[in-house]
Amino acid sequence: METRDPKHGKLWLWLDERIGLKEIEKLARKKEVPVHRHTAWYYFGGMTLFLFMIQVATGILLLLYYRPSAGEAYESIQFLMTEVQFGWLVRSIHAWSANLMIFAMFIHLFSAFFMKAYRSPRELTWISGGGLLGLALAFGFTGYLLPWNELAFFATRVGTEIPGVVPVAGPFLRRLLRGGEDVTGATLTRFYGIHVAILPAIVTIVLGLHLFLVQKHGMSRPPSAEAGDSAKRSMPFFPNFLLRDLVGWLCALGVLAALAAYYPTELGKKADAFQPAPIGIKPEWYFMAMFQTLKLLPGHILGIEGELLGVLGFGVIGLLLVVVPFIDKRTAPGPLRRFSTVFGIILIFYLVLLTYLGYTMSPTK
Amino acid sequence: MAKDVEFPARDESRRKFLNWFLGTTTGAFIFSVLYPVSRYLIPPKVEESTARTVTLPVKPQEVKPNSGQIFRFGSQPAILINTPAGELKAFSAVCTHLACIVQYRSDINHIWCACHNGHFDLNGKNIEGPPPKPLEEYAVNVRGDQVVVSKRG
């Protein structure tokens, strides 16, 4: 017995019987997005996801030409950039989209932070988000080496030396990361495997968890919109919020296309393990604050090696970000609740200042 | 609906044993997978270059005063410097801070690391910036037309 459904066609009904479209539709209709003066910040999560999808697509395209060995990596990208039609564009989009994705991610992180979206029951949403940031930075770090150029080579030498300063396990970790004692072709192959297989597999799981939790708990209302009339205002996710989200994606795509076309990514000189580090060498902007910190720390502070202290400092900041939902609870006393806001402001100030210094201080003085 | 059956104590201990057996088997299985994988991930030790002496592919008169150049010392980079006083010196070129490769700055007569702005003097001593230790110095001998660099000690 077939019932006529004026809203849906035959195909929809056929599919519904098999995969249950009705439930999905019901779920989509149920989802509401809070409306308040900070609603705009909600768009950065979706924007990060959009840029991630671009990364997956362009990454797959790059795989078709890239060769992961010290003898061929640089040449294969040179070929891609000069011979392959639109090869330069695909690589440029991949590199720029990575930067924009991490930028959108930082905004998403800090907006969630200041809106206190991490509070119960969303602790795991926050922690999985922190994990995703770590994974994105790992993507950035491993991908940076793949062109096998001078900058990449030294960035990787320094970057893999950093875990090496950790007491006891350091040298082992360094060897594990490098696939040997030094940064060589073995490191390149290893980073390639991490970049295109291991990290994507882990991200699929963590991102799946993150998105599931966002669906389960809905978007969080900031404390300022928890009471009074504003506690009730919301808009349907589908289609109202989704359409607005798409406008955000379109803006991101516009910025991305302009950057990729007008500032195409360069390739630089091929890596040479027997050349000095080039003057003015810098990491990507999202590692700049860490880089500048290591540059400014003296050799020894109170008898401890400066770099070790720096690395421990980064670890403590990361740990504080992870545990913040357990410190700043709804029921916690006032000073503890304010702690997170103060910590966030200091952290942003520090990151911006050190990044600014990194770009403006003379490289030779 | 079937009524709950009360098991005698003997069966409870059988259940305990089966749970223990299942648990340890699962544990042993996971271990037998993880152990080879973790060993696989650790790169095998490659024979380190034991070179203690290297003859450079340059003649002593080719190295200009107040200049430096990188050369291979085994598998590692090293730097040969002709000081403003005309003395040949050699050091490991791996910065003691975070392992970048150093260079000679003729404008300030320092060995310098571009990565984090570390300075060393012409004895390899760390004098400014983040490097915590001096560079390892090698002995330089000029034998006729050849520059021979060797490890000390």
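Which helices of chain A are among what covers the buried residues of α9(A)? Point 3 takes this up. Keep in mind that this is a predicted model.

1. Chain A overall. Start with the inventory. Chain A holds 13 helices and four strands. Its C-alpha trace spans about 75 × 60 × 40 Å along the principal axes. Of its 365 residues, 32% are buried. Now look at contacts between residues at least 6 apart in sequence. In chain A, 75% of these join residues at least 24 apart.

2. Helix α9 of chain A. Find residues 185-217, which form this helix. It has 33 residues. From its first C-alpha to its last it reaches 46 Å, close to the expected 48 Å. Follow the helix along and stop at I194(A). A kink of about 40° is centred there. Just after α9(A) comes G218(A), with a positive phi of about 75°.

3. What α9(A) buries. Several of its residues are buried: T187(A), L188(A), R190(A), F191(A), Y192(A), H195(A), V203(A) and H210(A). Here is the reply to the opening question. The cover over these buried residues includes α4 (73-82), α6 (123-145), α7 (150-161) and α8 (170-178), which belong to chain A. Residues three or four places apart point the same way, because an α-helix has 3.6 residues a turn.

4. Where the chains meet. How many residues of chain B are in contact with chain A? The count is 24 residues of chain B, in contact with 29 residues of chain A. The side of chain B that touches chain A divides into 17 nonpolar residues, six polar and one charged.

5. Strand β5 covers residues 103-105, and strand β6 covers residues 110-113. They pair in the antiparallel sense over three bridges. Q103(B) has W112(B) in β6(B) as its bridge partner. Four residues lie between the two strands of this hairpin. In the turn, N109(B) has a positive phi of about 55°.

6. C113(B) stands opposite G118(B) in β7(B). The hairpin of β6(B) and β7(B) has four residues between its strands. Its N117(B) takes a positive phi near 60°.

Technical notes. Residues numbered from 1 in each chain as written. Chains lettered and ligands numbered in written order. Predicted model: local features only at pLDDT ≥ 70, side-chain atom pairs only at ≥ 80, totals over all residues. Contact = placed C-beta atoms within 7 Å. Nonpolar A, V, L, I, M, F, W, Y, C, P; charged D, E, K, R; others polar. Expected span 1.5 Å × (residues − 1). Bend = angle between axes of the 7 residues up to and from the residue. Buried ≥ 20, exposed ≤ 12 C-beta atoms within 10 Å, placed from the backbone. Pairing = 2+ DSSP bridges.
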